[in-house]
Amino acid sequence: MILGSGLGNFAEGMNIARRISYKSIPNFPLSTVKGHKGELLFGTMANKQIVCMQGRFHYYEGYSMQQVTFPVRVMKALGVRVLIVTNASGAVNPEFETGDIMIIKDHINTMPNPLIGPNDERLGVRFPPMSTVYDKQLRDKAKTIARELGITLREGVYIGTTGPSFETPAEYKYFRTIGADTVGMSTVPEVIVASHSGMRVFGMSVISNVFREDNQQDCTHEEVLEGVAKAGNKMSRIVERLIAQTL
């Protein structure tokens with residue numbers, strides 16, 4: 001699991017066997033963003049073995065795409081078969097509300113691709129397909145779980161940008177025009193590498209703010225964390241059951 005902005009407390013529901021600070025792991029970058037604790041956790045949830053990143057790395061922090069996605073390579077080497085990614089994102093779909101949870105069914109990448117450069121065939125094929133990268137079986141299972149729990153879910157397309165500046169009104173409208181429902185500064189690089197590695201992927205976004213043309217207001221990182229707090233518990237309940245029933 002890779003936990004995004006403000007979602008690090010989800011891991012407290014694990015039975016944690018060991019915590020390792022990123023600074024203690026060779027070649028691991030360090031998280032520099034508020035809301036990212038910077039620990040790799042090993043333990044169990046629902047009697048399933050879990051490796052969990054409390055905090056991720058971003059391209060805008062000055063790391064290369066290979067550094068940003070290095071933990072996914074480590075997880076694969078440890079035997080991880082399924083990657084669950086979470087993030088906080090801003091909605092460009094005006095039907096969404098702050099605090100909503102969206103299952104990611106697809107993404108649009110505007111960042112440098114982390115697979116650029118020589119390809120190691122031991123890690124994956126040169127041209128990995130991306131048409132089914134977000135596992136439909138896991139998405140359908142999550143939707144069933146949400147209905148059982150009485151939680152309303154959205155499903156949509158996430159667009160990944162480099163950041164770290166928030167979007168202009170013209171960019172928000174452009175992203176909506178080309179098919180995005182939410183926008184964020186993470187997730188896509190890790191998902192591309194997970195797909196390259198042959199892992200199944202499930203992704204969820206907490207809606208931290210919503211862009212509306214008739215009410216344009218500047219967004220702050222503090223507001224993002226506040227928006228995440230509204231939905232963190234609901235997301236945790238869905239993911240816990242998904243792990244218990246699927247993995």
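Strand E7 (residues 153-160) is mostly covered in this predicted model, with six of its eight residues buried; buried denotes a relative accessible area under 20%, exposed over 50%, and partly exposed the range in between, computed with a 1.4 Å probe and protein chains only. Strands (E, at least two residues) and helices (H or I, at least four) are DSSP runs, numbered from the N terminus. The model is predicted, and local features need pLDDT of at least 70, side-chain atom pairs count only at pLDDT 80 or more, and totals for chains, interfaces and linings use all residues. Residues are numbered from 1 along each chain as its sequence is written, and side-chain values use heavy atoms, with hydrogens and water left out.

Strand E6 (residues 101-109) runs parallel to E7 and is joined to it by eight bridges. Within this pair, Gly-156 of E7 lies opposite Ile-104. The pairing of E7 with strand E8 (residues 182-184) is also parallel and comprises three bridges. Here Tyr-158 has Thr-182 of E8 as its bridge partner. Together with helix H3 (residues 169-177), E7 and E8 form a right-handed β-α-β unit. Right-handed means that, with the strands pointing away from the viewer, the path from the first strand over the helix to the second runs clockwise.

Arg-176 forms a salt bridge with Asp-181, with the closest N and O atoms 2.9 Å apart. A salt bridge is defined as a side-chain nitrogen of Lys or Arg within 4 Å of a carboxyl oxygen of Asp or Glu. Arg-176 is partly exposed at a relative accessible area of 34%, whereas Asp-181 is buried at 9%.

The structure holds eleven salt bridges. One of them joins the side chains of Lys-136 and Asp-140, at 2.7 Å from N to O. These two residues are about one helical turn apart, because they are separated by four residues in helix H2 (residues 136-149). Lys-136 is exposed, with a relative accessible area of 52%, and Asp-140 is partly exposed at 30%. Both belong to a network of salt bridges that also links Arg-139, Lys-143 and Glu-155. A further salt bridge connects Arg-122 and Asp-120, with an N to O distance of 2.7 Å. Arg-122 is exposed, its relative accessible area being 74%, while Asp-120 is partly exposed at 27%.

Ser-197 is located in the loop between helix H4 (188-196) and strand E9 (200-210). The residue Ser-197 is buried, with a relative accessible area of 7%. A polar atom of the Ser-197 side chain lies 2.9 Å from the backbone oxygen of Val-193. Apart from neighbours within four places in sequence, Ser-197 contacts Arg-73, Lys-76 and Leu-123, contact meaning heavy atoms within 4.5 Å.

For the protein chain as a whole, the secondary structure comprises six helices and nine strands. Of its 247 residues, 52% are buried. Among contacts between residues at least 6 apart in sequence, 80% join residues at least 24 apart. The chain exposes about 11,600 Å², of which carbon and sulfur atoms supply 48%; accessible areas come from the Shrake-Rupley method with a 1.4 Å probe, and for residues only the protein chains shown count as cover.

Methods. Pairing = 2+ DSSP bridges. Polar contact = N/O pair within 3.5 Å; in protein donor to acceptor, adjacent residues only side chain to side chain.
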